[in-house]
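User: I'd like to learn how to read strand pairing and helix packing. Could you walk me through a case?

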Amino acid sequence: MFRGKNYKESAKLIDSTIQYEPIDAFKLVVEGAKAKFDETVELHVKLGVDSRHADQQVRGAVVLPNGTGKTRRVLVFCKPEREEEAKAAGADYVGGMDMVERIQKENFFDYDVVVATPDMMGTVGRLGKVLGPKGLMPSPKAGTVTPNLKQAISEIKAGKIEYRLDKSNIIHCPIGKVSFGPDKLLENYNTLIVALLKAKPAAAKGQYIRSCVTASTMGPGVKINAQKQL
């Protein structure tokens, strides 16, 4: 794989054989970020579970104390009498069957999170095949199927992120921007790791957190010693 000059320079700062203490890892990520834009910092956590089994799923949501550095656009599905409430709470798009048709006919995906009131899930269910693969389908576990629209929207706007396993049993989550600096990234990291530990399935056996890597958008990965959290 081709790697640019900046990537190679940043990689020289990192010993790939070492698991760094979290704060040291974030210092390296910030120091190694060379792009001309404010890079996103992501966390990639491999868990000792098998996502093929229903009793070993890990999914949920957590509000990061320092947010993600990104303004998230929210689409809300609710009854007409609650549309003004959703808009007042900060929803970017609000609708019902009209929004379902817009998504189906116009491929409308100009939003980052979908929230729905429970009484709308029969309608939203028609979009399962298009929202599901994009990770946009509302879920009670993620707090995106709820009667409390104001709370759900305000938490998302404040920096609530959803975590879920991919097919390789890895959680991929943004935890901020390079401009946050190491300390704020560490606070967000600690919050996410604690949430993952609380979400540990009873059926999980052996070492739960197998590996943990952080990286900026354009930078090399830095291994983190996540066992200190256990």
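Predicted model: local features only at pLDDT ≥ 70, side-chain atom pairs only at ≥ 80, totals over all residues.

User: What holds strands of a sheet together in general?

Analyst: The strands pair through backbone hydrogen bonds, and the pairing is either parallel or antiparallel. Here, Val-74 sits opposite Val-113 in S5. S3 also runs parallel to strand S4 (residues 93-95), joined to it by three bridges, and Leu-75 stands opposite Tyr-93 in S4.

User: What about the antiparallel case: which strands, and in what order?

Analyst: Look at the open sheet of four strands, ordered S7-S1-S8-S9, where the pairing is antiparallel. The edges are taken by S7 (170-177) and S9 (222-223); each has a single partner strand, so one side of each has no neighbour in the sheet. S9 pairs with S8 (residues 209-216) over two bridges, in the antiparallel sense. In that pair, Val-213 is opposite Lys-223 in S9.

User: Which helices pack on those strands, and at what angles?

Analyst: Helix H2 packs on the sheet and touches S1 (40-47), S7, S8 and S9, with its direction at about 30 degrees to that of S8. Helix H8 lies across S1, S7 and S8, and runs at about 150 degrees to S7.

User: Now helix against helix. What describes two packed helices?

Analyst: You want two values: the angle between their axes and the distance between the axes. For H2 (residues 22-32) and H8 (residues 181-198), the angle is about 130 degrees and the axes are 9 Å apart.

User: Are H2 and H8 parallel, or oblique to each other, and why?

Analyst: Oblique. An angle over 145 degrees would count as roughly antiparallel, and 65 to 115 as roughly perpendicular; the angle here is about 130 degrees, so the pair is oblique. The crossing of H2 past H8 is right-handed.

User: Which residues make the contact?

Analyst: From H2 come Pro-22, Ile-23, Phe-26, Lys-27 and Val-30, and from H8 come Gly-181, Pro-182, Asp-183, Leu-185, Leu-186 and Tyr-189. Sorted by class, the H2 contact with H8 has eight nonpolar, one polar and two charged residues.

Methods: Residues numbered from 1 in each chain as written. Heavy atoms only, no water. Axes fitted to C-alpha atoms, helices over the stretch in contact; angles between N-to-C directions. Parallel < 35°, antiparallel > 145°, perpendicular 65-115°, else oblique. Left-handed = near helix turned anticlockwise from the far one by under 90°. Contact = heavy atoms within 4.5 Å. Nonpolar A, V, L, I, M, F, W, Y, C, P; charged D, E, K, R; others polar. Pairing = 2+ DSSP bridges.
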